[in-house]
Amino acid sequence: MGGARVRAGRLQSIGAPFACAAIVRWVTSLPDAAHRWRCGGCGNLTRFDVTRTRRTQEFWHFDLAGEHRVEEVEVLGEDVDMVTCRWCGRSDAIELVARNDADPATDPS
């Protein structure tokens, strides 16, 4: 019988009943100070194309000529829609892995 499992931040098909194609939605989260992305296909750790959707609230300041500048931005929600490896072009092999050399307690950011 078909189902799904979560592995490395992604939803993967386990198998579809009656030889039907399973619908798979790749879900990738943003890395934090202790994690990073890695392409399981080619080993890339540094170059990714990221498509994301952000919902923001912004404070716009208009001058008397009608030009504006954004002075404050608050991110209300953010979803990563797709992460693609810049080297090999795969979006189905992106993994969230531990960043061995990062200690969150000593990170200056």
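Residues are numbered from 1 along each chain as its sequence is written. In this predicted model, local features need pLDDT of at least 70, side-chain atom pairs count only at pLDDT 80 or more, and totals for chains, interfaces and linings use all residues, while side-chain values use heavy atoms, with hydrogens and water left out.

Visitor: How many helices and strands does the chain have?
Guide: Helices (H or I, at least four residues) and strands (E, at least two) are DSSP runs, numbered from the N terminus. From that end the elements run β-β-β-β-β-β. The count is zero helices and six strands.

Visitor: Is Trp60 buried, partly exposed or exposed?
Guide: Trp60 is found in strand E4. Buried means under 20% relative accessible area and exposed over 50%, with partly exposed in between (1.4 Å probe, protein chains only). Because its relative accessibility is 40%, Trp60 counts as partly exposed.

Visitor: Which residues is Gly40 in contact with, leaving aside its neighbours within four places in sequence?
Guide: Gly40 lies in the loop between strand E3 (35-39) and E4. Its C-alpha atom is separated by 8.7 Å from that of Asp92, 52 residues apart along the chain. With contact meaning heavy atoms within 4.5 Å, the partners are Ala93 and Glu95.

Visitor: What relative accessible area does Gly40 have?
Guide: Gly40 falls in the partly exposed class. Of the 109 residues of the chain, 13% count as buried. For Gly40 the value is 39%.
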